[in-house]
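Please read them with the structure open.

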Amino acid sequence: MLIEVMVGALMLALITTAVLTGLDGAQETGRKNRNRSVAATLAQQDIERLRAMPVTALSNFSQTRTVDANGVNYTVASTTEWVSDSTGVISCSDETEQADYLKVSSTVSSPATVSQPVVETTLLAPAAGTGAVVVRLTDRDGLVRPSTSVSLAGSTYSTSQATNTLGCAIFGGVPAGNYTARAPGGLVSWASVNPATSAVTVATGKTSVVQMELEPPASLLANFVKPSGAPAAPTAAWGVVSVAHAKLPGGRKVFTGATGTSLAADTLFPHHDGYGVYAGGCKANNPANWDADYFLPGGPGYVQLDPSDVNKPVNVVMAAPRVTVRRSSGSGGWTAHARFDEADDPALGSTCTTSRAGFQTNNSGSTSTKNLDFALPFGTYDVCADDSSRRRTVSVTLSPTDPAPTPVTVDLTSGTSSGRCPT
């Protein structure tokens with residue numbers, strides 16, 4: 001009898017446990033269904049909220065917020081992406097696809113109560129007469145730049161947003177027209193402009209792609225030297241350098257305002273293959289006109305920059321002509337003057353004729369010849385010399401293959417004209 005009572009009690013306990021477990025399971029299932037219904041309602045409400053926003057404000061939209069519903073915290077994540085009919089999500093680099101729709105998604109979850117998030121999606125059509133722009137940012141090595149702000153501005157419409165994980169800022173619903181894409185300050189493009197910009201045209205129903213390589217700007221310090229290596233102190237007229245690279249607009253960027261024997265050049269993109277730097281602001285001053293291999297790594301005028309380099313030094317060789325002014329012997333002292341004027345040289349493909357000139361005097365001694373030393377860029381010049389009463393002008397070309405100092409003789413003993421050289 002005792003055994004039967006114990007077995008009966010055990011069976012009663014098992015049956016009671018099973019019943020209670022079933023009741024708890026039903027309550028848990030009901031609770032999950034109830035919370036899932038709340039999540040679905042929140043997702044639908046979020047979709048309606050997004051649909052009420054302008055399409056232009058939803059381009060590349062991403063937002064995460066917390067909503068309290070009956071004491072339960074729900075996480076609501078809202079995202080958008082532009083898609084096409086044929087390929088789905090638009091690629092960062094495919095210009096053949098058009099932005100047909102904006103896919104809007106709302107994902108609601110609560111880790112404590114919902115095992116699977118609730119996702120609601122819808123498609124929004126852009127306004128008629130609009131297109132899309134994709135601006136993709138990378139560094140010089142092709143690595144993408146995410147979370148970087150990009151602006152798009154036109155005459156009647158402007159907007160801005162950050163790049164996504166692929167380095168792309170996707171602007172949809174943009175009215176057709178011409179725009180300027182602008183990267184943030186502190187980064188320069190191949191054109192060595194800060195902030196970096198790029199022109200883009202938006203066509204109706206099309207996606208225009210803009211690729212921009214950006215890096216923190218670098219700077220160099222051009223040190224003027226003579227062919228001997230000694231420092232050269234050019235006059236203000238010749239204190240100019242050109243920083244040359246094939247990817248710069250026009251192939252070069254000109255800097256002025258030398259101080260003493262050097263000149264800083266800043267806001268430069270740090271290209272892997274380096275720059276050629278030469279004295280002067282005209283293409284005819286480029287020593288590569290005479291020596292195609294002049295700018296080689298380790299040689300004069302060559303410098304390779306890394307991002308954020310500050311005043312990386314580079315030696316810039318200048319021509320060092322010595323003007324010998326000769327006249328017939330005479331008693332007493334006299335003053336020799338010489339002036340260099342840069343001349344256009346079609347043979348070098350130059351269209352740069354300037355009024356820059358270097359002027360020097362020598363009034364020491366009474367010999368029949370006097371020397372005047374100059375430091376100036378390579379190129380073709382008209383050299384005028386005088387002895388205060390007579391003058392003569394000769395033409396001379398100064399190249400990096402000339403000896404140093406380069407001899408230039410102006411003989412005033414014959415064929416001279418009267419007067420002084422311009423000062």
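1. Two strands count as paired if DSSP finds at least two bridges between them. Helices (H or I, at least four residues) and strands (E, at least two) are DSSP runs, numbered from the N terminus. By that rule β20 pairs with strand β26 (residues 406-411). Six bridges join them, and they run parallel. P321 has T406 in β26 as its bridge partner.

2. A word on the basis. This is a predicted model, in which local features need pLDDT of at least 70 and side-chain atom pairs count only at pLDDT 80 or more, while totals for chains, interfaces and linings use all residues. Residues are numbered from 1 along each chain as its sequence is written, and side-chain values use heavy atoms, with hydrogens and water left out.

3. β20 also pairs with β23. Here the strands run antiparallel, with five bridges. V325 is bridged to K370 in β23.

4. Which side chains form a salt bridge with a 2.7 Å N to O distance and link distant parts of the chain? They are R322 and D373. A salt bridge here is a side-chain nitrogen of Lys or Arg within 4 Å of a carboxyl oxygen of Asp or Glu. R322 sits in strand β20 (residues 321-326) and D373 in strand β23 (residues 369-373), 51 residues apart. R322 is partly exposed at 34% relative accessibility. D373 is partly exposed too, at 38%. For these labels, buried means under 20% relative accessible area, exposed means over 50%, and partly exposed lies in between (1.4 Å probe, protein chains only).

5. The whole structure holds nine salt bridges. Side chains of opposite charge can pair when their charged atoms come close. One of the pairs is D341 with R339, at 2.7 Å from N to O. R339 counts as buried, with 14% relative accessibility.

6. R49 and D46 meet at 2.8 Å, N to O. Why are they about one helical turn apart? Because they lie three residues apart in helix α1. R49 is partly exposed, at 29%. The pair belongs to a salt-bridge network that links D46, R49 and R65.

7. At the other end of the numbering in α1 (residues 2-51), look at M11. M11 is partly exposed, at 47% relative accessible area.

8. Next, an open sheet. Three strands lie in the order β16-β13-β19, with mixed pairing. The edge strands, β16 (262-268) and β19 (312-317), each pair on one side only. Strand β13 (residues 218-225) runs antiparallel to β16, joined by five bridges. A222 has L263 in β16 as its bridge partner.

9. Last, a hairpin. Four residues connect β7 to β8. Strand β7 (residues 149-153) and strand β8 (residues 158-162) are antiparallel and share five bridges. L152 faces T159 in β8.
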